[in-house]
Every structure is written in C-alpha cells, then in structure tokens.
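Subject: Structure for you to look through

Hello,

Please find the structure below, with notes on what was found in it. Have it open while you read.

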Amino acid sequence: MTLMEFFGCTFIAFGPPAALFILTIANEPLRVIVLIASAFFWLLSLLLSSIWWYIVIPLREEIAFGLVFSVIFQEIFRLLFYVLLGKAAEGLKTFCQQGEGDTNMLSLVNHRHLMAYVCGLGYGMVCGTFSLVNILADMAGPGTIGIYGDPQNFFLASAFMTLCMVLLHTFWGIIFFDGFYTKKYYQPIVVVLSHLLVSCLTLLNERQPPMYLASILPAYASLVAMGIWAFTIVGGSPRSMKAYVVRES
C-alpha cells in the first residue's frame, strides 16, 4: 500500500513537469543546458539560505524566518540568472549570426519568453525535487500511514503542493523576466510577493491539526492567476486558444 502511494504521489507531483520537459525541452540540447543552469542557481540560493540559517543561531527554531529568507534568496538568484542570460544571449546571437550556430539555438535566443519558460521550469523542478524527495523516501515504506494519529493526507497534500510550486515557478519565471525586459518592475514585485504568500501558506500545515485545504486552495488560486497572466504575456488570448483547440481537434 505504501509503495502504491509512493508512485501515486510521485506522478502527481512530477508527472506534468516531466511531460513538459519531455515534450518541450528534452530534444533541444541548448534548452537542457539552460534548464540545468537554472536549477544550479536555485541550488546556490539554497546553499546561501542554509548558510544564513546556520549563522543566525537564535532564529534557527523559527521556521517562518528561514522560509522568508529562502524565498528572498531564490528571487535574488533568479534575478542574477536573468542578468547572466542577458549577457550570454548577446554572445550567442553573434555566434549564430556568423553562421556557427544552428537554427534551434537562434530560436531560443530570439524568443525570450521561451528562455524564461525553460528557466522557470528548471527552477521549479529542482525546487520540487528537494521539497518532496525526503517525503517520498519515507512514503515508500514499510509502514501504515496515520497509525499513530498522524494526518493521513500529509503525503497527498505534499504532492499537490509540490506540483503547484513547480508550475508556479514556471509562470513566475515568465512574468519575472518579462517585467525586467519591458521595464514593468511591478511584475517582479508581484512575483516576489506571490512567492512569499504561497510559501507562508505552507506554515498552516504545521498547525495541529494541519490546515491542508487552507494552504492548497489559495495556492492553486494563485497558480491559476499566474498561469493566465503568463499566458497573456507570451501573446496568448481566448481567440488563439480557441484556434488551437479547433486545429488540434
């Protein structure tokens, strides 16, 4: 039973991100490189958060303290990665214009929204992996969930929240990068505030009894809002969505 729940929660949390990776990124080497680089920057933010938590000894027991600074460091490194990509893009454009690069490389460089999507997905996938990997390890068994009165929905709630965070990071990446590119600086501010809000909602799960619905429902409401915003930023509209559905059907 525990093994079945292990696979079920794994597919809930990582099934859609894995599908996005396979369908849109896996066949393009440059996109894979950018995704891995983005994941590396998230790991750097995690390292800095850990160092900060270790230095400030009196606040080690305060989960909210570590959570807020972790979000801040993640967004700082998202900005640093945006700056790095901006500098690298100029070199790649020159490389492609000289005829030394392929069309796939030029497509990624010229389509900034595609670059932002790849970066956001990389950020989200490594974030989700580190959020859930230890829980999945415990979930594999042996054992009986809730036998000592612990919440029986903990694993399922963790899987859905992980999926939400992965997709949110993807949308946040698009909104964040577009905000700096178009000098609409309110967009990165909204991303940071939204990230803080959704992350702080997880503190409700630390209460007794845990308030899973109170954290998951607002998080998914934020996911829908950010998804629609990211969709409009990349040029989507109800008309284009209808045209796509009609063409595919």
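H5 gives the most residues to the lining of the largest cavity, four of them. Helices here are DSSP runs of H or I with at least four residues, numbered from the N terminus. A cavity is a set of points on a 1 Å grid, over the protein atoms alone, where a 1.4 Å probe fits but cannot get out, and lining residues have an atom within 4 Å of a point. This is a predicted model, in which local features need pLDDT of at least 70 and side-chain atom pairs count only at pLDDT 80 or more, while totals for chains, interfaces and linings use all residues. Residues are numbered from 1 along each chain as its sequence is written, and side-chain values use heavy atoms, with hydrogens and water left out.

The cavity

The search of the whole structure finds one cavity of 30 Å³ or more. The largest cavity has a volume of about 40 Å³, a volume being the space filled by probe spheres set on the points, which are joined across faces, edges and corners. Its lining consists of Ser38, Arg78, Phe81, Ala116, Cys119, Gly120, Tyr123, Gly173 and Phe177. By class, this lining has five nonpolar, three polar and one charged residues. Ala, Val, Leu, Ile, Met, Phe, Trp, Tyr, Cys and Pro count as nonpolar, Asp, Glu, Lys and Arg as charged, and the others, Gly among them, as polar.

The pocket

A pocket is an open set of points with protein on both sides within 12 Å along at least five of seven lines. The largest pocket holds about 1200 Å³ of space. Its lining has 40 residues, and Ile63, Leu67, Ser131, Ser199 and Thr202 lie nearest its centre. H3 gives the most to this lining, with nine residues. The lining of the largest pocket divides into 23 nonpolar, 15 polar and two charged residues.

Helix packing

The axes of H1 (residues 2-24) and H6 (residues 154-181) are 9 Å apart, at an angle of about 10 degrees. Axes are lines fitted to C-alpha atoms, for helices over the stretch in contact (heavy atoms within 4.5 Å), and angles run from 0 to 180 degrees between N-to-C directions. H1 is therefore roughly parallel to H6, a term for angles under 35 degrees.

The axes of H7 and H8 come within 9 Å and cross at roughly 160 degrees. So these two helices are roughly antiparallel, the term for angles over 145 degrees.

Regards

Technical notes:
Angles under 35 degrees count as roughly parallel, over 145 as roughly antiparallel, 65 to 115 as roughly perpendicular and the rest as oblique.
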